[in-house]
Amino acid sequence: MPNMSMTKNPMPSQEPAVRAHNFFEVATGYSKETAIDEALRCLNCKNMPCVSGCPVKIHIPEFIAKIKEGEFEEAYQIISKSSSLPAVCGRVCPQESQCESKCVRGIKGEPVGIGRLERFVADWHNEHYNGTVQKPKSNGHKVAVIGSGPSGLTCAGDLAKKGYEVTVFEALHLAGGVLVYGIPEFRLPKKIVAKEVDTLKQLGVKVETNVVIGKTITIDELMNEMGFEAVFVGSGAGLPRFMNIPGESLKGVYSANEFLTRSNLMKAYNDDSHTPIMKGGKVAVVGGGNVAMDAARTALRLGADKVYIVYRRSMEELPARKEEVEHAIEEGIEFKLLNNPVKILGYNNPDDKRDAKNGCVIGMECVKMELGEPDEKGRRRPIEIEGSNFTLDLDTVIMAIGTSPNPLIKSTTEGLDVNSRGGIIVEENTGKTTKQGVYAGGDAVTGAATVILAMGAGKTAADAIDEYLSK
Amino acid sequence: MFEIVNKKELNPTVTMMDIKAPLVAKKAQAGQFIILRVDEDGERIPLTVAGYDREEGTVKIIFQIVGGTTERLNHKQKGDFIQDFVGPLGKETDVEGLKKVCIVGGGVGCAIALPVAQRLHKMGCEVHSIIGFRNKDLLILEDEFKEASDKLTIMTDDGSYGEKGLVTEPLKEALENGEKYDEVITIGPLIMMKFVVATTKPFDQKTTVSMNPIMIDGTGMCGGCRLTVGGETKFACVDGPDFDGFLVDFDEAMTRSVMYKDFERKEHEDACNLFKGVE
């Protein structure tokens, strides 16, 4: 008998007042009993609407059916046929706008907690499964993957499973891309990413860190001198955007990328870290996406007295995942909605040019906004309310307003075309670029998007590369 | 891991190392930089390439011991390994078509200026070098500069070697005497570069400066190295490190460069004490 409860089993989590001061994972995960109970809410629909909402087409009702039977490892095997990173996706996917948005149970009540179940299965596997992954027999073809973020890892995993000899090149000193430098520990523990990378290595994937493609080695060298027959570019979004308002070079103004990289990758949240970061005081994060939520909640955990999210539209248009916004509010982050920064204010002591405080952020002037007519994307355009300017007292400002593509690969690869925004041009169904044998996916193509969309693109490209090299 | 194949103390605060890094050595050009981490959990620091040997697969770095990381690096010996070494990053110094250049280097910046001087010298460009140090004990690379320059002027703040005074003095004198260069290329402390630009500007003498701000990834991802150049925000790691000196906002760059001064001082002290304890 299905469980006809209208609501999901709640996710056990650390109390907001406790977690706001530590970097441990916020959500602690379902128990075996809760997972089975939640799985029983699935009606196992014949037409599987949920699968159509998944960018990597996980066989959702099938894996949930295995949970019902208590066959957790088998459930994992079903997921891993479609997804290379189940423990990651179960944590960071926007399920509410993907699989769960199509769930029949969601029509009247809450959908099945598919994401929570995926996470449970992946964690169960990581904890209980002792076997090693069998390295597939090589088919003799060499493929290079640029970037070890979600699209690159997915593409590498899928190709390795098909027998390709895959080398992943990573510019930083650690593999994982945005999963290690961007998404904080309290949302995605780094040991989970390390485990997923380790699984890929067992499949025979080589990971070369400290190599910047476009600088250390070019794509042409990979293909003409090093014997790679195809290349996948998953180099990520690249350069952080700023607002181009006065004061953005003051001390205490960060891009979200820099702030999060210092904390996540460089472990600045540890007291013994050798990498400095501004801690404490009053912090404003400008922007409303997941990155903004991550930056705000990181600032809070680093010891800020007060953290604001400053966003120029209203709660309705906020692009971040609902769960992240709820978590942020619970933790005490204040949302300054319909506000737009116009100027960042700095300290200046005219009597003492050597005053160490000179050039430090002391506040931000904002203007209030109202929503006008919808723009071409259907989002209501924010309009300034003249004369409504006010000042927020601050010590740190973090700009989380998106990124523009990195020019390094484009500028050193002849024949690789990009669009007007700098994104690499690809065929949608294959990830094929304008250069023979070169495929691309993820943020390098789309600009800042989600982990799962990048994984979907990595998967598509892996299939297309397989077809290209099988000819 | 990357092996230190050679280590030499150039003066009590400046050390030279050759690091085995064949991929970097194959591509490195004067003006580019690398990023290194001394050990696991270390911070990432940028250092400009001071030379390379493509056949041996080594890259030369010269660094001043200024903080915790450079202190830890200096404690490594020949045969030891450093954790990470990535590059070459940034754009190479644009030397195309230059026939006559004045190189102005200050302190450890001379280490970075040298490969530029050598490259220019090799392509037949007339090189006038002015290099400055606080005193005789801190002088580095004199012979190398002699070899790469058609004219070399050495300045010390206290007059203990060469001529007494700042690097801007002989530069100004040359310009006043009607000397015209295709370019003045200056590398050194921010305050020195600021005054070199102040010296050349009245003569409308084109001047290139090499910026070395705080960085993390070195590939454009973090934006920590941003500078204001001609009113626009530029990233030193991908747009530079060389910029038109007339356009750089030096006062802002100087403010940003000391953002973590207190943290750095503590790190340096910790690193020193730590090793004292070991001995």
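Student: How far apart are the mean positions of the positive and negative charges of chain A?
Tutor: The 56 positive and 61 negative charges of chain A have mean positions 1 Å apart. Lys and Arg count here as positive and Asp and Glu as negative, while His and the chain ends are not counted; each charge is placed at NZ of Lys, CZ of Arg, CG of Asp or CD of Glu. In chain B, the centres of the 34 positive and 47 negative side chains lie 1 Å apart.

Student: What kind of model is this, and which conventions apply?
Tutor: The model is predicted: local features need pLDDT of at least 70 and side-chain atom pairs pLDDT 80 or more, whereas totals for chains, interfaces and linings use all residues. Residues are numbered from 1 along each chain as its sequence is written, chains are lettered from A and ligands numbered from 1 in the order in which they are written, and side-chain values use heavy atoms, with hydrogens and water left out.

Student: How do you know whether the radius of gyration of chain A agrees with that of a compact globule?
Tutor: The radius is taken over C-alpha atoms, and the globule rule is 2.2 Å times the number of residues to the power 0.38. For 471 residues the expectation is near 23 Å; chain A has 23 Å, and therefore agrees. Its C-alpha atoms fill a box of roughly 75 × 60 × 50 Å along the principal axes.

Student: What does the rule give for the 279 residues of chain B?
Tutor: A compact globule would come near 19 Å; chain B has 18 Å, so the value agrees. The box for the C-alpha atoms of chain B is roughly 55 × 40 × 40 Å, again along the principal axes.

Student: How many helices and strands does chain A have?
Tutor: Chain A has 17 helices and 16 strands, and chain B has 9 helices and 16 strands. Helices (H or I, at least four residues) and strands (E, at least two) are DSSP runs, numbered from the N terminus.

Student: What share of the contacts in chain A joins residues at least 24 apart?
Tutor: A contact means heavy atoms within 4.5 Å. Among contacts between residues at least 6 apart in sequence, 71% in chain A join residues at least 24 apart; for chain B the share is 65%.

Student: Why is F235(B) called buried?
Tutor: Buried means under 20% relative accessible area, exposed over 50%, and partly exposed in between (1.4 Å probe, protein chains only). F235(B) has 6%, and is therefore buried. F242(A), at 11%, also counts as buried.

Student: Why is M48(A) called partly exposed?
Tutor: Its relative accessibility is 36%, so M48(A) counts as partly exposed. M48(A) lies in the loop between α2 (32-39) and α3 (49-52) of chain A, and its phi is near 45°, a positive value in a residue other than glycine.

Student: What makes L141(B) buried?
Tutor: L141(B) has 10% relative accessibility, and therefore counts as buried. L141(B) sits in the loop between β9 (126-133) and α4 (142-148) of chain B, with a positive phi of about 60° although it is not a glycine.

Student: How many aromatic pairs are found over all chains?
Tutor: The search of the whole structure finds 9. Rings of Phe, Tyr and Trp (its six-membered ring) pair if their centres lie within 6.5 Å; planes under 30 degrees apart count as stacked, over 60 as edge-to-face and the rest as tilted. F242(A) and F235(B), with centres 6.4 Å apart and planes at 90°, are an edge-to-face pair. This pair crosses between chains, from the loop between β5 (239-240) and β6 (253-255) of chain A, where F242(A) lies, to F235(B) in strand β15 (residues 232-235) of chain B.

Student: What makes the pair of F2(B) and F85(B) tilted?
Tutor: Their centres are 6.0 Å apart and their planes 40° apart, so the pair is neither stacked nor edge-to-face but tilted. F2(B) in strand β1 (residues 2-11) and F85(B) in strand β7 (residues 84-89) of chain B are 83 residues apart, and the pair links distant parts of the chain. Both F2(B) and F85(B) are buried.
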